[in-house]
Amino acid sequence: MQKRMILLVGIMILLFCVCNRSEDENSREHTNNVENILINWEGGCEVFDTEVEDITGIISDVEALAWIAPRGGAGIISEGREIKENENEYITQSNILLSSETDIYPNDSLETWIRIVRTPVPAQTGTTESGYKDIIVYKQDDNACLAVQSSKNRRVWTLWELPQYGVWLEKEVAIFIRVVTGF
């Protein structure tokens, strides 16, 4: 009886270790294509690289929105529209910041947005999913908008409206900043 108990505890410890290792590998794999993220919030923009602990949560949440948006549901308007990058002030502003050589950008904008900068993700063979590069989500009043950059033509983005997601975005960024910076 005691040998069985020791064996059972040993198996449980082994399973725990394997699951934890698998979870860590999934987190690293999840951020492999991500170079960094820019977060504009409360009058400043900061760049976070993938070495920052707890970054995978905010990345996976934004990527989940990017997966849901073209499919609809969760209150998201599934009809996206193509725009050129110079037609959107958030994309234009983030492009300017990306071309700079600093990690912290003070600015007068109190607007909230996140841009996930990634290596191009090719289109999935056998699916309707097209290839993409960067993802940006920004707050507009009580709503939010999500834009996904084409991997083929980097000047073209597809934009979706996310009604009532503005409050969610504010809270998501506030939680992330609190966890990462301690403030």
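User: In this predicted model, where is S94 found?
Analyst: The model is a prediction. S94 falls within residues 89–98. That stretch is helix 3.

User: Is S94 buried or exposed?
Analyst: The relative accessible area of S94 is 0%. Buried means under 20%. So S94 is buried.

User: With which side chain does the side chain of S94 make a polar contact?
Analyst: Beyond four places in sequence, S94 is in contact with L38, W113, R115 and I136. A polar contact at 2.7 Å links the side chain of S94 to the side chain of R115.

User: How are helix 2 and helix 4 oriented, roughly parallel or roughly antiparallel?
Analyst: Helix 2 spans residues 55–68 and helix 4 spans residues 166–181. Their axes come within 10 Å and cross at roughly 160°. Angles over 145 degrees count as roughly antiparallel. Helix 2 is therefore roughly antiparallel to helix 4.

User: Which residues of helix 4 make the contact with helix 2?
Analyst: The crossing of the two helices is left-handed. Helix 2 contributes I55, G57, I58, D61 and L65. From helix 4 come W168, E172 and F176.

User: Which element has the lowest mean pLDDT?
Analyst: The protein chain averages a pLDDT of 79, and 72% of the residues score at least 70. Strand 3 (residues 81–84) has the highest mean among the elements, 95. The lowest mean, 47, belongs to helix 1 (residues 2–31).

User: How many contacts beyond four places in sequence does the model have for residues 20–30?
Analyst: pLDDT stays under 50 over residues 20–30. Where pLDDT is low, predicted coordinates should not be read in detail. For residues 20–30, the number of such contacts in the model is five.

Note on methods. Residues are numbered from 1 along each chain as its sequence is written. This is a predicted model: local features need pLDDT of at least 70, side-chain atom pairs count only at pLDDT 80 or more; totals for chains, interfaces and linings use all residues. Side-chain values use heavy atoms; hydrogens and water are left out. Helices (H or I, at least four residues) and strands (E, at least two) are DSSP runs, numbered from the N terminus. Buried means under 20% relative accessible area, exposed over 50%, partly exposed in between (1.4 Å probe, protein chains only). A polar contact is a pair of N or O atoms within 3.5 Å; within protein, one must be able to donate a hydrogen and the other to accept it, and residues adjacent in sequence count only if both atoms are side-chain atoms. Contact means heavy atoms within 4.5 Å. pLDDT is the predictor's confidence in each residue, from 0 to 100. Axes are lines fitted to C-alpha atoms, for helices over the stretch in contact, and angles run from 0 to 180 degrees between N-to-C directions. Angles under 35 degrees count as roughly parallel, over 145 as roughly antiparallel, 65 to 115 as roughly perpendicular and the rest as oblique. A crossing is left-handed if the near helix is turned anticlockwise from the far one by less than a right angle, and right-handed if clockwise.
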